[in-house]
Amino acid sequence: MPLLDVQNLFIRIGRGESAIDVVRDISFSVGSGEIVGILGESGCGKSLTAFSVLGLLPQGLSAAGQIKFDGRDLLSLGEQDLCALRGNRIGMIFQEPATALNPVQTVGDQIAEPLRLHTGMGKREARAETLHLLERIHLPNPRAALDVYPHQMSGGQRQRVVIAMALACRPSLLIADEPTTALDTTVQRQILDLLLDLVDETKSGLLLITHDIGVMAEMTERVLVMYGGVIVESGPTEKIITDPAHPYTRALLRAVPQRALGYDTWLESIPGTVPAPSERLRGCLFRSRCSLAGPECEVQPDLIPRGPDRVAACWRLPQVDGSVPA
Amino acid sequence: MKLSLLHRLLSWAVTLLAVTAIVFLVLEILPGDPALVLLGPDAQPDTLAALRLQLGLDQPAYIRYGAWLAGMLHGDLGTSYTYGIPVTELIGSRLKVTIPLALLAMSLAIGLALVLGIYAASRHNRPGDYGVMAVTQIGVAIPSFWLGMLLILFFSLTLRWFSAGGFPGWEAGFWPAMRALLLPALALAVAQAAVLARVVRAALLDVLGEDFVRTARAKGLTRAQALRRHALRNALIPVATVIGLQFAHLLAGTIVIENVFSLPGLGRLIFQSINQRDLMVIKNVVVFLAAIVITVNFVVDLFYLAIDPRLRHAS
């Protein structure tokens with residue numbers, strides 16, 4: 001049984017007739033020690049998917065379907081049970097370390113908070129454990145960092161603190177929402193290495209949300225490509241990079257500086273933008289930007305198997321397969 | 001930290017000096033001869049001259065200003081024209097009423113505002129929130145003197161729980177004195193609490209949308225815990241600013257309320273002094289009230305430093 005098993009998840013804005021699905025019918029799983037990526041442009045619903053796992057969707061949004069964590073359906077749990085899981089069994093790493101930390105509380109207190117909340121540690125014990133955590137995330141001068149405020153740290157150091165906070169109670173599942181997007185490239189590398197080491201060490205599962213194909217290629221074993229709130233393709237990362245099936249994935253890969261992936265071709269942009277949830281009509285959402293779109297794309301394609309462990313949702317797959325790889 | 005403290009202390013002193021200059025200038029420009037007021041229009045010219053000499057009015061303005069400041073530094077504010085006793089003594093005895101009244105009113109206002117504001121913010125866009133907003137809207141609109149009269153009518157004349165006015169003095173004991181201050185403090189507090197509750201609510205809603213509150217929730221804190229431990233302290237910064245401003249309003253409000261409840265406080269003193277053209281009392285009381293307002297704002301500045309480490313490290 002996988003650690004996290006999401007089945008037919010819908011995320012909805014509003015109620016009744018006027019409700020709009022921003023995430024539609026997505027299913028995926030994350031096993032212990034496994035790193036799974038969700039890849040997509042901003043606005044495709046990947047962050048909402050992450051927040052729905054924690055039960056922390058913004059007001060006005062609701063989730064339906066099934067999110068099983070350790071055999072328990074999170075969507076049917078009460079607030080109290082969810083609070084006991086958050087920060088304890090499931091740790092969350094946020095995108096923006098500059099705003100994710102409380103500006104008026106010391107770093108030490110913020111990391112100690114989940115420890116005191118979930119493990120029943122006393123003040124002194126939690127402080128000792130916090131020091132230990134700060135050492136583990138390789139913060140320079142960890143003892144002094146305990147009493148420092150977030151604004152006295154650099155962006156990379158703050159993100160390390162956010163990671164330490166998420167790790168404090170040794171969660172079995174980590175969710176990282178664009179953990180390196182707000183950081184300098186040189187620091188990105190260090191943070192990703194730290195995450196890899198920690199997942200390796202703790203054997204926790206990691207759900208990594210990113211729009212960065214380079215990050216996804218280096219970090220994840222499996223990946224879901226999302227577009228406009230649906231999964232358009234999923235499978236082993238390596239296969240998807242070397243042989244993308246869905247026209248969107250192919251377009252995404254062509255839009256990346258290829259040297260990072262070992263290719264050497266021209267950079268291309270995808271014309272147009274992701275349609276807003278209110279503009280989403282029936283059929284394949286990518287068709288307005290797809291060079292292969294035809295009349296059959298007016299109908300939503302299902303995810304169909306394409307090789308071992310792989311699925312993709314496109315009517316034109318035979319043509320894609322037949323065409324010369326980009 | 002030390003530097004910013006020094007900076008604020010200096011600005012406190014400079015502001016106070018400016019206040020004395022303005023008060024002195026205004027009273028200097030205003031028509032009316034204090035000696036003439038004291039002796040009446042039928043006074044003989046030589047009596048007037050003698051009184052002017054006695055009051056030091058024959059000296060040039062800058063010397064009188066200097067003497068006033070020098071006296072202030074020594075704790076000598078001169079003698080009241082009408083009461084004939086030192087102004088320090090006069091102010092001292094009146095402060096025993098006004099300071100407890102203002103503090104009681106401010107505490108009531110802050111307490112009420114925090115309870116209402118937190119309640120409304122935690123029930124944002126739900127009936128409880130709308131209820132608080134409606135009640136505070138009414139609270140803002142009620143003039144304090146009218147509320148004072150209603151309170152007297154209801155609690156003093158109908159229920160007979162409190163006396164309708166007057167002050168027994170602290171000699172009568174702590175509780176009887178507080179009892180006399182409770183209704184006037186409430187009359188002063190309601191409007192302030194209503195404004196402040198709205199500020200607390202707005203500040204909290206602002207902070208509750210911040211990323212770090214979401215982080216707190218992701219750590220496993222309940223909504224109420226996240227509000228209490230993370231949002232509240234950040235929201236107190238704008239709230240403290242408004243409290244500082246409100247304190248000045250509250251002192252101004254005591255002038256009216258002390259008259260409604262016949263309390264022998266500073267507000268009533270200034271009211272009477274103006275009626276009697278007791279310039280010696282007026283200028284000192286005005287400077288004194290200004291000093292209190294400036295000091296409160298100084299304390300608010302210190303509070304910022306205490307609450308926000310970013311300001312502590314900024315200098």
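In the predicted model, helices H9(B) and H10(B) are oblique to each other, because their axes cross at roughly 140°. H9 of chain B spans residues 211-218, and its axis comes within 10 Å of that of H10(B). The crossing of H9(B) past H10(B) is right-handed. On the H9(B) side, the contact is made by B:Phe212, B:Val213, B:Ala216 and B:Arg217. H10(B) contributes B:Ala226, B:Arg229, B:His230 and B:Ala231. By class, this contact holds 5 nonpolar residues, 1 polar residue and 2 charged residues.

H10(B), residues 223-260, also packs against helix H7 of chain B, residues 144-158. Here the angle is about 25° and the axes lie 9 Å apart. Angles under 35 degrees count as roughly parallel, so H7(B) is roughly parallel to H10(B). H7(B) passes H10(B) in a right-handed crossing. From H7(B), the residues in contact are B:Ser144, B:Phe145, B:Gly148 and B:Met149. They meet B:Gly253, B:Val256, B:Ile257 and B:Val260 of H10(B). This contact comprises 5 nonpolar and 3 polar residues, with no charged ones.

The contact between the chains takes 19 residues from chain B and 24 residues from chain A. On the chain B side, H9, H10 and helix H13 (309-312) each supply at least two residues. H9(B) gives the most, with 6 residues. The chain B side divides into 5 nonpolar, 6 polar and 8 charged residues.

The largest nonpolar core contains 164 residues. Five of its members touch the most others: A:Ala164, A:Ile175, A:Leu207, A:Tyr227 and B:Leu204. Helix H8 of chain B, residues 174-208, provides the largest share of this core, 19 residues. In soluble globular proteins, nonpolar side chains tend to be buried together. The contacts of A:Leu207 were examined individually. Residues up to four places away in sequence are left aside; A:Leu207 then touches A:Leu4, A:Val30, A:Val36, A:Ile38, A:Ala50 and A:Ile175. A:Ile175 is itself listed among the core members that touch the most others.

Helix H11 of chain A covers residues 247-254. This helix is largely enclosed by the rest of the structure, because 7 of its 8 residues are buried. The buried residues are A:Pro247, A:Tyr248, A:Thr249, A:Arg250, A:Ala251, A:Leu252 and A:Leu253. Burial is assigned when 20 or more other C-beta atoms lie within 10 Å of a residue's own.

A:His138 is partly exposed, because 13 other C-beta atoms lie within 10 Å. A:Asn141 is exposed, because 9 other C-beta atoms lie within 10 Å. The cut-off for an exposed residue is 12 or fewer.

Conventions: Residues numbered from 1 in each chain as written. Chains lettered and ligands numbered in written order. Predicted model: local features only at pLDDT ≥ 70, side-chain atom pairs only at ≥ 80, totals over all residues. Core = buried A, V, L, I, M, F, W, Y, C linked by C-beta atoms within 7 Å. Helix = DSSP H or I, 4+ residues; strand = E, 2+ residues; numbered from the N terminus. Contact = placed C-beta atoms within 7 Å. Axes fitted to C-alpha atoms, helices over the stretch in contact; angles between N-to-C directions. Parallel < 35°, antiparallel > 145°, perpendicular 65-115°, else oblique. Left-handed = near helix turned anticlockwise from the far one by under 90°. Nonpolar A, V, L, I, M, F, W, Y, C, P; charged D, E, K, R; others polar.
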